[in-house]
Protein chains: 2
Amino acid sequence: MARPSRMGDIVAASAKVFREKGFDAARLDDIAQEVGMYKGSIYHYIDSKEDLLFAVVREPSERILGATRKLVEQELPAEEKLRRLCHLHVEVLVNVTPFAAVYIEEIAGKHRFPDWEAKDREYMRLVEDIMRELLGDRRDVDPPVAARALVGALNWMTRWYRSDGRMDADQIADQVADVFLGGLRG
Amino acid sequence: MARPSRMGDIVAASAKVFREKGFDAARLDDIAQEVGMYKGSIYHYIDSKEDLLFAVVREPSERILGATRKLVEQELPAEEKLRRLCHLHVEVLVNVTPFAAVYIEEIAGKHRFPDWEAKDREYMRLVEDIMRELLGDRRDVDPPVAARALVGALNWMTRWYRSDGRMDADQIADQVADVFLGGLRG
């Protein structure tokens, strides 16, 4: 009888260890201990520690990128696109916090892994498209700067957001959207 | 004859190594190699790797905190305070990039070192004070959320700002200030 795959458990354990120790300091021994397996058994599933990093961040990064592609193509006012983008980004951050935090800490804007940098760049281009639509004829704010300010404002939530805090994620997404909409509308 | 202190060189080498490898993965051997000293000689200057982290981040964090304390007390319109805060924050990020980036990657919002967390909290309180002044009677945006959005937007610059880029740091600071001022003014 085939044994059930432990890949899901290994990925969850990797997310925890990467978040606590950082990718560079994390050792496969730490992950093996967290998941209760021998290090040698983990090598049945992966070839390297990088494979684990990519397994951890694949789902949140593909979810956010796919949903943003669809959003940009929709027939909606730019204001509504920006608001939905904020909710989408925050929803991914909050629902898969350790996984998304690992992406933000280890990959976003760090130019370390070419495949992932391409996804990162595509996401930024999509956010810039929304900014360009929103700014219209205004030339005093640069769409790439506005896009990076928004993504930075949202990504920073992995450092301060608590699920038992005073405000929920949707309220925070709405307020950040309000601030940027008030400042960016053409 | 007393030998000249190498502490400055050790701190600069530490900033470089911490930024490249992360604090947890960085080894004293890496720093010794970077500065061209024996590991044993470095121990004449410090007791632990944490001492080096604190030496790296002390100057930028004290500069930004001291200047922000003064700014908040000044007799200036809240709009002008927010704009000056953006310039101050960006100036520190850009002029001491490897040092500031280490602070942002390893300390800000991470609750790892109590002394530094107190400074971090004080800085956030000062930014919240400016937000509160700026928002006046508005109740639809929470000052702590606005403060964290701004600090996140600025801190994210360590991931994308290049000194040879299309825009200089002052232009970026102005545009981020414009966006937040447009969205926050009461």
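I worked from a predicted model, in which local features need pLDDT of at least 70, side-chain atom pairs count only at pLDDT 80 or more, and totals for chains, interfaces and linings use all residues. Residues are numbered from 1 along each chain as its sequence is written, while chains are lettered from A and ligands numbered from 1 in the order in which they are written.

**Chain A overall.** I looked up the elements and found 10 helices and 0 strands in chain A. Here helices (H or I, at least four residues) and strands (E, at least two) are DSSP runs, numbered from the N terminus. The C-alpha atoms of chain A fill a box of roughly 60 × 35 × 35 Å along the principal axes. Of its 186 residues, 37% count as buried. Buried means that 20 or more other C-beta atoms, placed from the backbone, lie within 10 Å of the residue's own.

**Helix H4 of chain A.** I checked the length of H4(A), residues 49–73. Its 25 residues should span 36 Å at 1.5 Å a residue, and the end C-alpha atoms are 36 Å apart, which agrees. The expected span is 1.5 Å times one less than the number of residues. I also noted a bend of about 40 degrees at Arg58(A), with Pro60(A) following within four residues. The bend is the angle between axes fitted to the seven residues ending at a residue and the seven starting there. The buried residues of H4(A) include Leu52(A), Leu53(A), Val56(A) and Pro60(A). Helices H1, H2, H5, H6 and H7 of chain A are among what covers them.

**H1 against H4.** I then took the pair H1(A) and H4(A), whose axes are 9 Å apart at an angle of about 100 degrees. H1(A) is therefore roughly perpendicular to H4(A), a label for angles of 65 to 115 degrees. Val11(A), Ser14(A), Ala15(A) and Phe18(A) of H1(A) meet Leu52(A), Leu53(A), Ala55(A) and Val56(A) of H4(A). By class, this contact has 7 nonpolar, 1 polar and no charged residues. Ala, Val, Leu, Ile, Met, Phe, Trp, Tyr, Cys and Pro count as nonpolar, Asp, Glu, Lys and Arg as charged, and the others, Gly among them, as polar.

**Chain B side.** I found 32 residues of chain B in contact with 32 residues of chain A, contact meaning C-beta atoms, placed from the backbone, within 7 Å. H10(B) gives the most to this side of chain B, with 10 residues. The side has 17 nonpolar, 7 polar and 8 charged residues.

How values were computed: Buried ≥ 20, exposed ≤ 12 C-beta atoms within 10 Å, placed from the backbone. Contact = placed C-beta atoms within 7 Å. Axes fitted to C-alpha atoms, helices over the stretch in contact; angles between N-to-C directions. Parallel < 35°, antiparallel > 145°, perpendicular 65-115°, else oblique.
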